Amino acid sequence: MQTNNSLWELFQKRGLSRRSFLKTCAMITGLLGLSPLKCTEVVAAAEEKNLPVVIWLHGHECTGCDESFLRSQTPLASDVILNMISVEYDDCLSAAAGEPFEQHFKEIIEKYAGQYILAVEGGVPLAENGIYCMVGGRPFVTVLKEAAAGAAAIVEYGSCSAWGGIQSAKPNPTNTVAVSQIVGGTTIVKVPGCPPIPEVMTAVIMHFALFGQLPPLDTSGRPKQFYGNRIHDTCYRRPFFDSGMFAERFDDAGAKAGWCLYKVGCRGPATYNSCGNMRWWNGLSYPIQSGHGCIGCSNNGFWDNDQFYERLPNIPISATIANADTIGAVATGVAVAGVVAHGALSVVEKYKRQRQSKPEEERRP
Ligand code: FSX
Ligand code: SF4
Ligand code: F3S
């Protein structure tokens with residue numbers, strides 16, 4: 001582990017050049033969404049501040065969040081883990097296991113009390129004293145409370161951690177809840193998504209490590225920089241939506257031509273995330289690009305939607321530039337008008353297409 005080293009000290013110890021250090025700082029500046037002018041501040045912080053100590057816990061989850069994180073490309077997950085943060089405990093990624101490892105957990109939460117960032121994946125099952133998720137022979141809820149007590153900041157990584165997630169789907173037999181329903185009083189940030197975008201996780205941790213505070217959050221506790229826009233607002237299929245060109249089924253000509261997936265259930269107009277901008281695998285793809293509508297996996301309660309393939313009934317069509325802070329107010333007023341207008345647009349466009357496909361003489365009214 002790289003404790004008590006700054007990023008610059010670590011680079012020097014490894015014989016890496018000042019130039020590669022500065023390039024890394026420039027990359028971090030971009031990742032944090034800061035102006036290039038802020039790069040000098042990032043360099044100064046990276047020269048002085050010790051690498052952040054991170055304790056990473058796993059609760060009730062599918063481990064897809066880790067799978068996503070391990071595919072981080074810019075920066076590479078290996079660079080994050082080996083060069084940018086000091087992961088002192090991760091019961092999934094660590095080669096160590098068993099009693100010595102759990103003893104190590106107890107030692108580090110004492111040694112770094114008040115200093116470490118606690119990253120948590122998964123929800124917290126409470127039924128029957130938490131026995132539905134055991135870690136090192138103890139209920140996860142117990143481990144979480146111990147770790148949270150000394151955390152400088154907590155990152156709820158993934159929709160399970162942030163909202164309860166699939167484990168809390170009705171009727172929620174394990175009584176699973178979100179992390180922030182159990183631990184409070186500390187700086188907490190939500191990075192929802194099932195799974196979330198890995199680079200967002202790295203950006204949140206690095207922001208706290210370099211500047212001693214979380215990035216600006218929205219009213220739900222999510223970083224505005226990454227959750228400020230709807231999927232719909234950055235979707236490359238958006239011109240088809242605006243033109244009323246929709247796939248009606250997953251096997252029709254519209255679907256094959258890459259038209260908008262709104263009518264086959266896309267939740268993009270009601271979902272806040274950066275998937276359209278950042279994507280996975282160095283910008284390679286994301287659900288909509290692979291032909292499936294957004295299921296709103298970063299939204300609270302998405303798992304209880306039993307109509308994934310039904311057209312979203314109320315969407316704020318007019319609120320194309322709404323952000324997560326204003327959407328509540330905007331949506332109430334325009335949703336109905338928006339859907340009506342949208343329905344009309346669809347009909348007009350369909351009629352136009354039908355006319356264009358007919359011979360000239362049949363087009364005359
Ligand atoms: Fe949940 Fe993550 Fe979905 Fe899975 O850790 S957000 S079920 S991708 O694994 O917690
Ligand atoms: Fe893209 Fe979905 Fe919006 Fe269509 S409804 S433009 S597929 S986000
Ligand atoms: Fe999830 Fe929708 Fe993005 S399903 S991964 S929020 S496109």
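Glu 67 counts as partly exposed, at 41% relative accessibility, and its side chain meets that of Arg 71 in a salt bridge with an N to O distance of 2.9 Å. The model is predicted, and it holds eleven salt bridges.

**Salt bridges**

- Arg 71, the partner of Glu 67, is likewise placed in the partly exposed class, with 31% relative accessibility.
- Lys 38 and Glu 41 form a salt bridge in which the closest N and O atoms are 3.5 Å apart; Lys 38 is partly exposed at 35% relative accessibility, and Glu 41 is partly exposed at 38%.
- Arg 238 forms a salt bridge with Asp 242, the closest N and O atoms lying 3.0 Å apart, and both residues belong to helix 12 (residues 238–242), where they are four residues apart, or about one turn of the helix.
- Within this pair, Arg 238 counts as buried because its relative accessibility is 13%, under the 20% limit for that class, whereas Asp 242, at 42%, counts as partly exposed.
- Arg 238 and Asp 242 also take part in a network of salt bridges that links them with Arg 230 and Asp 233.

**Helix 8**

- The buried residues of helix 8, which spans residues 140–149, are Phe 140, Val 141, Val 143, Leu 144, Ala 147 and Ala 148.
- These residues cover an arc of only 160° around the axis, and therefore they lie on the same side of helix 8.

**Surroundings of ligand 3**

- The residues around ligand 3 are Ile 231, Thr 271, Asn 273, Cys 275, Trp 280, Tyr 286, Pro 287, Cys 294, Ile 295, Gly 296, Cys 297 and Ser 298.
- Sorted by class, this shell comprises eight nonpolar and four polar residues, with no charged residues.

**A nonpolar surface patch**

- Ile 131, Tyr 132 and Met 134 form a nonpolar patch on the surface, and together they have about 280 Å² of accessible area.
- Tyr 132 is located in the loop between helix 7 (127–130) and strand 5 (134–135), and its relative accessible area of 37% makes it partly exposed.

**Cis peptide bonds and positive phi values**

- The peptide bond from Thr 74 to Pro 75 is cis, with omega near 10°, and Pro 75 lies in the loop between helix 4 and helix 5 (77–84).
- Lys 170 and Pro 171 are also joined by a cis peptide bond, for which omega is about 5°; Pro 171 is placed in the loop between helix 9 (159–163) and strand 8 (176–177).
- Asn 172 is found in the loop between helix 9 and strand 8, and has a phi near 50°, a positive value in a residue other than glycine; its relative accessibility of 18% puts Asn 172 among buried residues.
- Asn 175 is placed in the loop between helix 9 and strand 8 and has a positive phi, near 50°, but Asn 175 is partly exposed, with a relative accessible area of 36%.

**An exposed cysteine**

- Cys 62 sits in the loop between strand 1 (53–58) and helix 4 (64–69), and counts as exposed because its relative accessible area is 64%, over the 50% limit for that class.
- Cys 62 and Cys 194 are 132 residues apart in sequence, while their C-alpha atoms are 9.5 Å apart in space.

How values were computed: Residues are numbered from 1 along each chain as its sequence is written. Chains are lettered from A and ligands numbered from 1 in the order in which they are written. This is a predicted model: local features need pLDDT of at least 70, side-chain atom pairs count only at pLDDT 80 or more; totals for chains, interfaces and linings use all residues. Side-chain values use heavy atoms; hydrogens and water are left out. Patches are made of residues with over 30% relative accessible area and no salt bridge: like charges are joined within 9 Å, nonpolar side chains (Val, Leu, Ile, Met, Phe, Trp, Tyr) within 5 Å. Accessible areas come from the Shrake-Rupley method with a 1.4 Å probe; for residues, only the protein chains shown count as cover. A salt bridge is a side-chain nitrogen of Lys or Arg within 4 Å of a carboxyl oxygen of Asp or Glu. Helices (H or I, at least four residues) and strands (E, at least two) are DSSP runs, numbered from the N terminus. Buried means under 20% relative accessible area, exposed over 50%, partly exposed in between (1.4 Å probe, protein chains only). A residue is near a molecule or strand if one of its heavy atoms lies within 4 Å of it. Ala, Val, Leu, Ile, Met, Phe, Trp, Tyr, Cys and Pro count as nonpolar, Asp, Glu, Lys and Arg as charged, and the others, Gly among them, as polar. The arc is that of the directions from the helix axis to the C-beta atoms.
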